Amino acid sequence: MYLDEVKQIVTDVLALGPAGRSLDEHSALLGSIPELDSMAVVQLIGALEEQFGFTVDDDEISAETFATLGSLTAFVKHKLTA
């Protein structure tokens, strides 16, 4: 649940093009995708907030959240069900 939506947002924000299609829940993000730098993290958070209608506080942002597509999706699910 939410994996495909988060995958699409990651692909769009990072402009991964066709490479984004190969992402799965185990795909490493932070440190593995050169396009995912600190500015892209901010853009990605903004896109997630806009798409899902929640707000991310600064203290909720960690490297663990952006470790994999699955961990980022779990974060989105947590925000939507908390």
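Contact, in these legends, means heavy atoms within 4.5 Å. The model shown is predicted.

**View 1. Helix 1 and its buried residues.**
Helix 1 covers residues 3-13. Which residues of helix 1 are buried? They are Val6, Lys7, Ile9, Val10 and Thr11. An α-helix has 3.6 residues a turn, so residues three or four places apart point the same way. The cover over the buried residues of helix 1 includes helix 2 and helix 3. Helix 2 spans 38-52, and helix 3 spans residues 69-81.

**View 2. Helix 1 packed against helix 3.**
Two packed helices are described by the angle between their axes and the distance between the axes. For helix 1 and helix 3 the angle is about 115°. Their axes lie 9 Å apart. Angles of 65 to 115 degrees count as roughly perpendicular, so helix 1 is described as roughly perpendicular to helix 3. The crossing of helix 1 and helix 3 is right-handed. Helix 1 brings Leu3, Val6, Lys7 and Val10 to the contact. Helix 3 brings Leu69, Leu72, Thr73 and Val76. How many residues of this contact of helix 1 with helix 3 are nonpolar, polar and charged? Six are nonpolar, one is polar and one is charged.

**View 3. Lysine 7, a residue of helix 1.**
Is lysine 7 buried or exposed? Lysine 7 has a relative accessible area of 19%. Buried means under 20%, so lysine 7 counts as buried. Set aside the neighbours within four places in sequence, and lysine 7 is in contact with Gly20, Arg21, Leu23 and Leu69. Leu69 belongs to helix 3's side of the contact with helix 1. The side chain of lysine 7 also reaches a backbone oxygen. That oxygen belongs to leucine 23, at 3.1 Å. Proline 34 gives another reference point: lysine 7 and proline 34 are 27 residues apart in sequence. In space, C-alpha to C-alpha, lysine 7 and proline 34 are 16 Å apart.

**View 4. Threonine 11, also in helix 1.**
Threonine 11 is buried. Its relative accessible area is 10%. Beyond the neighbours within four places in sequence, which residues does threonine 11 contact? They are Leu16, Gly17, Gly20 and Leu23. Gly20 and Leu23 are also among the contacts of lysine 7.

Tyrosine 2 sits in the segment before helix 1. Tyrosine 2 is not a glycine, yet its phi is positive, about 75°. Where does alanine 15 lie? Alanine 15 is in the loop between helix 1 and helix 2. Alanine 15 is not a glycine either, and its phi is positive, about 50°. At 62% relative accessible area, alanine 15 is exposed.

Threonine 65 is part of the loop between helix 2 and helix 3. Is threonine 65 buried or exposed? Its relative accessibility is 10%, so threonine 65 counts as buried. Leaving out neighbours within four places in sequence, threonine 65 contacts Glu60, Ser71, Leu72 and Phe75.

Note on methods. Residues are numbered from 1 along each chain as its sequence is written. This is a predicted model: local features need pLDDT of at least 70, side-chain atom pairs count only at pLDDT 80 or more; totals for chains, interfaces and linings use all residues. Side-chain values use heavy atoms; hydrogens and water are left out. Helices (H or I, at least four residues) and strands (E, at least two) are DSSP runs, numbered from the N terminus. Buried means under 20% relative accessible area, exposed over 50%, partly exposed in between (1.4 Å probe, protein chains only). A polar contact is a pair of N or O atoms within 3.5 Å; within protein, one must be able to donate a hydrogen and the other to accept it, and residues adjacent in sequence count only if both atoms are side-chain atoms. Axes are lines fitted to C-alpha atoms, for helices over the stretch in contact, and angles run from 0 to 180 degrees between N-to-C directions. Angles under 35 degrees count as roughly parallel, over 145 as roughly antiparallel, 65 to 115 as roughly perpendicular and the rest as oblique. A crossing is left-handed if the near helix is turned anticlockwise from the far one by less than a right angle, and right-handed if clockwise. Ala, Val, Leu, Ile, Met, Phe, Trp, Tyr, Cys and Pro count as nonpolar, Asp, Glu, Lys and Arg as charged, and the others, Gly among them, as polar.
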